[in-house]
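Look through the structure below before reading on.

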Amino acid sequence: MDRPRAVLAAVALAAAIALPYAGGPFWTGLVTQMYIFGLLALSVDLLLGHAGLFSLTHASFFALSAYTVAILQVRYGVPTVFAAPAGILAGTLLALVFGLAVRTRGVYFILITIAFGYVVWGVAHRWSSFTGGDNGVTNVPFPAIGGLAVTSHTQYYYVVLAAIILCGLGYRVLIRSPFGLALRGIKASETRMQSLGFRTSLHLYAAFALSGALASFAGVLYVYYNKFVNPVAASFPISVEAALMAIVGGTGTIVGPFIGAGVVLGLRNWVSSFVDMHHAIMGVVFIATVLWAPQGLVGLAGRIRARLARRRDG
């Protein structure tokens, strides 16, 4: 990492640490949600930005992990140290099943992931005796491990921040590994990678499973923050918003999905205070991004920086 980026990262980290004291409860809560949904968007971008697969089912893994944690802790009194890993495991196992979708490509892959998502949403919505239906599962406690217990949303903000930093570092290692580079090659030309001896379907299946695990972790963080979960978490709009966040921020990057989450959630909170048609505003944002910033805000910033550098050198 070059010096300007290191300085920028240090400033961003300092601002994130100081936020609860400078911004108050509202901004602390909003930014916590941005972190969580940014992680969900990052899981989508592992497929979209690095493998070229547009998945619209990640709300399924997100919701299943959240339901698993909620049901285990609220109904059965299972402690966090077992409930949280169980939630991640449940979402990952579902991803291993849904990963069979990588046998298809293009619009067929998109359609089958949409269908998978509606199956999970339908179960969450209709199996009310188990999932609670529209009322969901409520009163999920804050996480506690041994004598360490979170007692406020401010404390939980720092838990989420630490989790996001660790996930970001692990994600960076993953995408720079031979496996990550192979995914990039598959996105550029799958037939060429096959001719080089790569088992592309196996690589994509593994990427789908890892992506589902990351989405499941986001679901665990979500249910501990929100303290309840209902079928909305598994709905199609959540999957669409996660993909929108990745595209708006910039696919194929680490910070892009989090920037996109900040833009989408920030606009939604701001616009919804004036009008009820915030979904239409999100549609306009998506159209503008595709037309004028197809590489997202991160790509747009890079182009502006390169243009200024050329003018300075010229």
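## Surface and burial

The chain has an accessible surface of about 15800 Å², and carbon and sulfur atoms account for 69% of that area. These values were computed from a predicted model. Of the 314 residues in the chain, 46% are buried.

## Overall build

The chain contains 13 helices and 2 strands. Its radius of gyration is 20 Å, close to the 20 Å given by the globule rule for 314 residues, so the chain is as compact as a globular protein of that length. The C-alpha trace spans about 65 × 50 × 40 Å along its principal axes.

Contacts also show how the chain is put together. Taking contacts between residues at least 6 apart in sequence, 76% join residues that are at least 24 apart.

## Charged side chains

There are 20 positive and 7 negative side chains in the chain. The centres of these two sets lie 8 Å apart. How many salt bridges does a search of the whole structure find? The search finds 2.

R105 has a relative accessibility of 27%, so R105 counts as partly exposed.

## The salt bridge of R268 and E241

The side chains of R268 and E241 also meet in a salt bridge, at 2.8 Å from N to O. Here too the pair links distant parts of the chain, 27 residues apart. R268 lies in helix α11 (residues 256-271) and E241 in helix α10 (residues 236-249).

Is E241 buried or exposed? With a relative accessible area of 10%, E241 is buried, because buried means under 20%. R268, at 21% relative accessibility, counts as partly exposed.

## T92 in helix α3

T92 is found in helix α3. Its relative accessibility is 18%, so T92 counts as buried. Which residues does T92 touch, leaving out those up to four places away in sequence? T92 touches A209, A213 and S216.

Key: Residues are numbered from 1 along each chain as its sequence is written. This is a predicted model: local features need pLDDT of at least 70, side-chain atom pairs count only at pLDDT 80 or more; totals for chains, interfaces and linings use all residues. Side-chain values use heavy atoms; hydrogens and water are left out. Helices (H or I, at least four residues) and strands (E, at least two) are DSSP runs, numbered from the N terminus. The radius of gyration is taken over C-alpha atoms; the globule rule is 2.2 Å times the number of residues to the power 0.38. Buried means under 20% relative accessible area, exposed over 50%, partly exposed in between (1.4 Å probe, protein chains only). Contact means heavy atoms within 4.5 Å. Accessible areas come from the Shrake-Rupley method with a 1.4 Å probe; for residues, only the protein chains shown count as cover. Lys and Arg count as positive and Asp and Glu as negative; His and the chain ends are not counted. The place of a charge is taken as NZ of Lys, CZ of Arg, CG of Asp or CD of Glu. A salt bridge is a side-chain nitrogen of Lys or Arg within 4 Å of a carboxyl oxygen of Asp or Glu.
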